Amino acid sequence: MPFDDSVIPHIAHDLQNPLTSIQGYAQMILMTQGDHLPADAHRNLETVLLSCAQLRRMILTFSYISQIQAGGFELQPAETSADGLANKAVEAMAGYAEMQK
């Protein structure tokens with residue numbers, strides 16, 4: 001049974017709603033209680049925020065692929081820093097590395 005591409009925007013929207021709530025609550029806890037949290041709890045909340053950002057990028061990628069397949073997406077190449085990308089990748093994995101200790 002083929003997948004109907006018209007549902008992808010709805011799925012992306014439905015995934016972003018709970019993700020926004022998770023991200024908002026994690027940010028609120030860090031902002032209001034961050035100074036009183038144990039270091040490992042603080043790191044765990046930062047990992048939640050990094051994971052939220054990663055999932056948001058995945059949802060956007062999913063939406064972009066749908067737009068590309070439908071012919072409604074135009075790429076706009078831009079320069080970027082390889083160092084910056086590498087640093088972001090290391091930061092994104094730092095929380096996971098800490099949990100493996």
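Which helix does Gln54 lie in? Gln54 lies in helix α2. Helices here are DSSP runs (H or I, at least four residues), strands are E runs of at least two, and both are numbered from the N terminus.

This is a predicted model, so local features need pLDDT of at least 70, side-chain atom pairs count only at pLDDT 80 or more, and totals for chains, interfaces and linings use all residues. Residues are numbered from 1 along each chain as its sequence is written, and side-chain values use heavy atoms, with hydrogens and water left out.

Start with the confidence. The pLDDT is the predictor's confidence in each residue, from 0 to 100. The chain averages 84, and 88% of the residues score at least 70. Among the elements, α1 has the highest mean pLDDT (90), while helix α3 (residues 82–100) has the lowest (78). Where pLDDT is low, the predicted coordinates should not be read in detail.

Now the layout. The chain has three helices and zero strands. From the N terminus the order is α-α-α.

Look at the first pair. Helix α1 covers residues 8–33 and helix α2 covers residues 39–70. Their axes come within 10 Å and cross at roughly 165 degrees. Axes are lines fitted to C-alpha atoms, for helices over the stretch in contact, and angles run from 0 to 180 degrees between N-to-C directions. The two helices are therefore roughly antiparallel (an angle over 145 degrees). In their contact, 17 residues are nonpolar, seven are polar and two are charged. Nonpolar means Ala, Val, Leu, Ile, Met, Phe, Trp, Tyr, Cys and Pro; charged means Asp, Glu, Lys and Arg; the others, Gly among them, are polar.

Stay with α2. Its buried residues include Leu45, Cys52, Arg56 and Ile59. Buried means under 20% relative accessible area, exposed over 50%, and partly exposed in between (1.4 Å probe, protein chains only). Of the 101 residues of the chain, 16% count as buried. Gln54 is partly exposed, because its relative accessible area is 34%. Gln54 and Ala92 are 38 residues apart in sequence, yet 8.1 Å apart in space, C-alpha to C-alpha. Just after α2, Gly71 takes a positive phi of about 80 degrees.

Notes
Angles under 35 degrees count as roughly parallel, over 145 as roughly antiparallel, 65 to 115 as roughly perpendicular and the rest as oblique.
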